[in-house]
Amino acid sequence: MKKGYVVISINDTKHEEMWVRAQHKSFSNLFTYIFADVEEGEDCAFTEEQALDILNIADRFNKSSFVVHCFLGCSRSVAVAKWINEYLGLGDEELEQCKHYNKRVYEMLKEAEKKYWEGSVYAPL
């Protein structure tokens, strides 16, 4: 992958995450997360800490191209990509019009963004 790319890899298990890291060890801007594709408050779900970390990545690499993927690429990764598109004002119409994404992940990213700009949370570097 060329310089200037950021890869956000969403995984279901630690084993899957370790495999992704082994396969992509040459990527300097690879960020991996483990959380299940759930919409309700179940175990292994997306956390505020993960949302703040992704917000920080978007801020830090705002001039980069983003590759966001998960196992099927149709729910969690779409939610993250949709939010990054809006947050950075990238203007990808397909993402803006997309209706099929994990609403919980998207809403948690929006909430983290709101809290961050209000100054009530800190997104660590």
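Cys70 is buried, with a relative accessible area of 11%, where buried denotes under 20% relative accessible area, exposed over 50% and partly exposed in between, for a 1.4 Å probe and protein chains only. Cys98 is likewise buried, at a relative accessible area of 19%. The structure holds 0 disulfides, a disulfide being a pair of cysteine sulfur atoms within 2.5 Å. The model is a predicted one, in which local features need pLDDT of at least 70 and side-chain atom pairs count only at pLDDT 80 or more, while totals for chains, interfaces and linings use all residues. Residues are numbered from 1 along each chain as its sequence is written, and side-chain values use heavy atoms, with hydrogens and water left out.

In soluble globular proteins, nonpolar side chains tend to be buried together. When residues up to four places away in sequence are not counted, Val80 touches Ile8, Ile10, Ile54, Val68, Val105 and Leu109, contact meaning heavy atoms within 4.5 Å.

Aromatic rings were also examined. Rings of Phe, Tyr and Trp (its six-membered ring) pair if their centres lie within 6.5 Å, with planes under 30 degrees apart counted as stacked, over 60 as edge-to-face and the rest as tilted; by this rule there are 5 aromatic pairs. One of them joins Phe31 and Phe61, whose ring centres are 5.8 Å apart and whose planes stand at 55°, so the pair is tilted. This pair links distant parts of the chain, since Phe31 belongs to strand 2 (residues 30–34) and Phe61 to the loop between helix 2 (48–60) and strand 3 (65–69), 30 residues apart. Phe31 is buried, with a relative accessible area of 16%, and Phe61 is buried at 12%.

The rings of Tyr101 and Tyr106 have centres 5.2 Å apart and planes at 65°, so this pair is edge-to-face. Both tyrosines, Tyr101 and Tyr106, are buried. A charge sits over a ring if NZ of Lys or CZ of Arg is within 6 Å of the ring centre and within 35 degrees of the ring normal. Lys103 lies over the face of Tyr101, at 4.1 Å from the ring centre, and Lys82 lies over the face of Tyr106, at 6.0 Å from the ring centre.

How values were computed:
Helices (H or I, at least four residues) and strands (E, at least two) are DSSP runs, numbered from the N terminus.
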